[in-house]
Amino acid sequence: MGSSPYFCHQTTSTRPVSRALRRIILCFQLCLCLWLSGLFWFIAKIPDQPSSDDTETDAIVALTGGSSRLEYGLKLLTEGKGSKLFISGVHDKTTAESMLRHAPPDIRLKLASFSPESIVLGHEAENTIGNAEETARWLHKEGFHSIRLVTSNYHMPRSLEEFKATIPDITIIPEPVFPEDFTLSNWWQHAESRTLMLLEYHKFMASKLRHWFVSATHHP
């Protein structure tokens, strides 16, 4: 029995569709591999231990976004890890006195002997890019060339990315804080940790791509 012309035409016409579908699937698989590779690369950049670097620095910079960041920044100041503490991204109506009221009693006691000028608030920053720009202006005014950067561990990779791009000529020692609502080990098993991880990963990659684009378009 001869083959049906209709059947042959139908089989032939589906071949381009099958090839296109295979290409779409392959493209999706490649994108997924790249996304997963980037995620693992990002996770490897997140600090899992407190800093052990005792290098002397000019100042301490704490980024707002959690009370533990402020407390740790104040603790580093009392330990003499920097001559001044700059807190970036503070609300307009917030004062140093009101912030200190939330600090642990032992830290407040130690700070009683410190000069009021040792704690400086920055009120202009609204995001991580703003933190870097605001800090850059303050460092230039003070003539400082090294800092200890205090922020949450999951936020540290993106913070370093922005700070190094904005202030490439300063030394930065990361001082990660470990918030209770984020677990680095088994992060995928906890809803809050999973949300923070994926959100911060995408923000980090967006920051990377932005800096790569700026670098490519501003240099011949």
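**A look at the pocket linings**

A: Helix H3 gives the second largest pocket the largest share of its lining, with three residues. Keep in mind that this is a predicted model, where local features need pLDDT of at least 70 and side-chain atom pairs need 80 or more, while totals for chains, interfaces and linings use all residues. Residues are numbered from 1 along each chain as its sequence is written, and side-chain values use heavy atoms, leaving out hydrogens and water.

H3 covers 96–100, and helix H4 (105–111) also supplies at least two lining residues (helices are DSSP runs of H or I, at least four residues, numbered from the N terminus). Here's the whole lining: Ala 96, Glu 97, Leu 100, Arg 108, Leu 111, Ala 112, Phe 114, Ser 115, Pro 116, Ser 118 and Ile 119. A pocket is an open set of points on a 1 Å grid over the protein atoms alone, where a 1.4 Å probe fits, with protein on both sides within 12 Å along at least five of seven lines; lining residues have an atom within 4 Å of a point. By class, you get seven nonpolar, two polar and two charged residues. The volume is about 170 Å³, meaning the space filled by probe spheres set on the points.

Now for the largest pocket, which holds about 280 Å³. It has 17 lining residues, and Thr 64, Arg 69, Thr 128, His 155 and Arg 158 are the closest to its centre. Helix H5 (128–142) and helix H7 (191–218) are the elements giving two or more residues to that lining.

Definitions and conventions. Ala, Val, Leu, Ile, Met, Phe, Trp, Tyr, Cys and Pro count as nonpolar, Asp, Glu, Lys and Arg as charged, and the others, Gly among them, as polar.
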